[in-house]
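I opened the model to look up a few residues one by one. These are my notes, in the order I made them.

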Amino acid sequence: MKTLIKNGQIITRKNETTPAEIWIEEGKIKAIGTGFSETEFDEVFDAKGQLITPGLVDVHVHLREPGFTYKETIEAGTKAAAHGGFTTVCAMPNLDPVPDTAEKLSQVYEIIKRDAVVKVLQYAPITEKLRSEVLVDQEALIDAGAFAFTNDGVGVQTAGTMYLAMKETAKNNKALVAHTEDESLLFGGVMHAGEKAKELDLPGILSATESSQIARDLILAEETGVHYHVCHVSTKESVRIIRDAKKAGVHVTAEVSPHHLLLIDEDIPEDFGFWKMNPPLRGREDREALIEGLLDGTIDCIATDHAPHGLEEKSQSFLNAPFGIVGSETAFQLIYTHFVKTGIFTLEQVIEWLAVKPAEIFDLNVGTLTIGAPADIAVFDIEHEYKIAKEDFLSKGENTPFVDWTVKGETLLTFVDGKIAWQKEV
């Protein structure tokens with residue numbers, strides 16, 4: 001099968017767009033150029049002058065299967081990813097059962113093989129059942145396909161457990177990916193400890209809940225030599241200590257989520273669970289530090305933390321609703337509209353943070369438009385405005401405050417290994 005994407009534009013290293021056509025054959029990019037003869041191809045797709053990018057890479061999603069299929073399934077979550085232009089996603093292990101043995105992890109991969117429409121790399125947990133102090137058998141899990149190790153959703157509370165886990169992960173040449181949250185500093189908090197929490201009479205979450213555990217872990221990472229990756233950085237203190245650790249030569253990488261770049265706690269209009277996320281929306285200075293951290297390389301990439309929940313459970317007070325919002329279908333669009341169109345980021349930088357860098361830091365053979373690479377490709381309409389509508393979501397979750405926001409960057413086509421994973425109906 002020979003496929004041509006014609007009439008597209010790709011980003012050059014000078015942050016300019018240039019006309020391009022992409023020849024796909026046997027699931028890989030065969031050539032990039034112009035002037036190909038359409039008659040030589042079995043399929044021809046017209047990009048209509050719009051942007052062609054590498055398929056986006058999301059190193060932080062929750063697909064909820066097995067165990068929580070009323071929130072999301074692997075099928076729905078990967079269709080949502082493709083709808084957002086993502087072709088590779090890395091799925092968190094807070095499932096039921098937790099995939100803490102090779103057998104359980106293999107069962108998850110069986111569902112992925114059957115139902116996923118994009119590439120899915122499954123995380124394994126650091127400890128048994130996520131909350132124990134007992135380390136998993138990493139070697140067995142790696143043999144079963146573990147992408148990396150994380151207890152996302154909860155922080156590893158004991159320094160000794162984290163140290164031993166880092167030593168084992170370093171020995172196995174994998175990344176240890178950390179949700180950093182010192183539960184002894186939570187004090188029942190449900191949103192950022194700022195003026196808005198006081199206004200809504202809700203218990204606050206200290207910035208130190210996150211940053212203090214990152215500080216602990218960075219010392220341990222330096223000691224063990226592990227690749228330590230920080231999930232969803234949200235505070236200015238966290239940015240500062242990650243920056244210092246990088247300067248000191250610690251092998252640390254970090255991600256930030258779109259909602260923490262776009263929103264602050266002052267934006268929360270009422271006590272409603274759609275605004276509840278972990279880590280919470282922080283203050284104005286925190287958001288400024290996150291943007292600065294991306295621009296100076298302290299933060300390496302953008303990841304959605306796509307976290308679908310049931311409508312009923314999210315339509316409650318902060319006190320009772322679960323943490324998390326969906327993001328796979330809105331990430332590129334929101335970042336492009338609010339940062340590229342306003343001149344804060346360049347389009348080249350955004351593609352770096354959403355595709356190139358996540359692949360590089362985890363050594364994945366994706367995230368690039370180069371000859372011989374897998375034909376994981378997205379086409380975006382960056383000209384026409386549209387409204388984010390929950391009716392358009394392919395995810396089972398609609399828990400996001402971004403519904404009805406006007407954006408540009410609608411996904412037109414998504415290819416995975418040269419096959420269509422998503423196409424906008426005309």
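I started with asparagine 7, which is partly exposed because its relative accessible area is 37%; buried means under 20%, exposed over 50% and partly exposed in between, with a 1.4 Å probe and protein chains only. This is a predicted model, in which local features need pLDDT of at least 70, side-chain atom pairs count only at pLDDT 80 or more, and totals for chains, interfaces and linings use all residues. Residues are numbered from 1 along each chain as its sequence is written, and side-chain values use heavy atoms, with hydrogens and water left out.

I found asparagine 7 in strand β1, residues 2-11. Helices (H or I, at least four residues) and strands (E, at least two) are DSSP runs numbered from the N terminus. Asparagine 7 is not a glycine, yet its phi is positive, about 60°.

I then checked lysine 129, where phi is near 60°, a positive value in a residue other than glycine. Lysine 129 sits in the loop between β8 (119-122) and α3 (138-143). I noted lysine 129 as exposed because its relative accessibility is 65%.

Next I looked up cis peptide bonds. One joins glutamate 65 and proline 66, with omega about 10°. I placed proline 66 in the loop between β6 and α1. Another cis peptide bond joins asparagine 278 and proline 279, with omega about 0°. Proline 279 is in the loop between α8 (258-262) and α9 (284-296).

I also read the UniProt record. Its unreviewed entry has a "binding site" annotation covering His62, Leu63, Arg64, Asn94, Asn278, His309, Phe323 and Gly324. Of these residues, Asn278 is included in the lining of the largest cavity. A cavity is a set of points, on a 1 Å grid over the protein atoms alone, where a 1.4 Å probe fits but cannot get out; lining residues have an atom within 4 Å of a point. UniProt positions are in the numbering used here, feature names are shortened, and annotations may be inferred rather than shown by experiment.

Is leucine 63 buried or exposed? I noted leucine 63 as buried, because its relative accessible area is 5%. Leucine 63 lies in the loop between β6 (56-61) and α1 (74-83). Not counting residues up to four places away in sequence, leucine 63 touches residues including Glu72, Ala91 and Val120; contact means heavy atoms within 4.5 Å.

Last, I found asparagine 94 in the loop between β7 (86-91) and α2 (102-115).

Definitions and conventions
1 Å grid on protein atoms, 1.4 Å probe; cavity = no way out; pocket = protein on both sides within 12 Å on 5 of 7 lines; lining within 4 Å.
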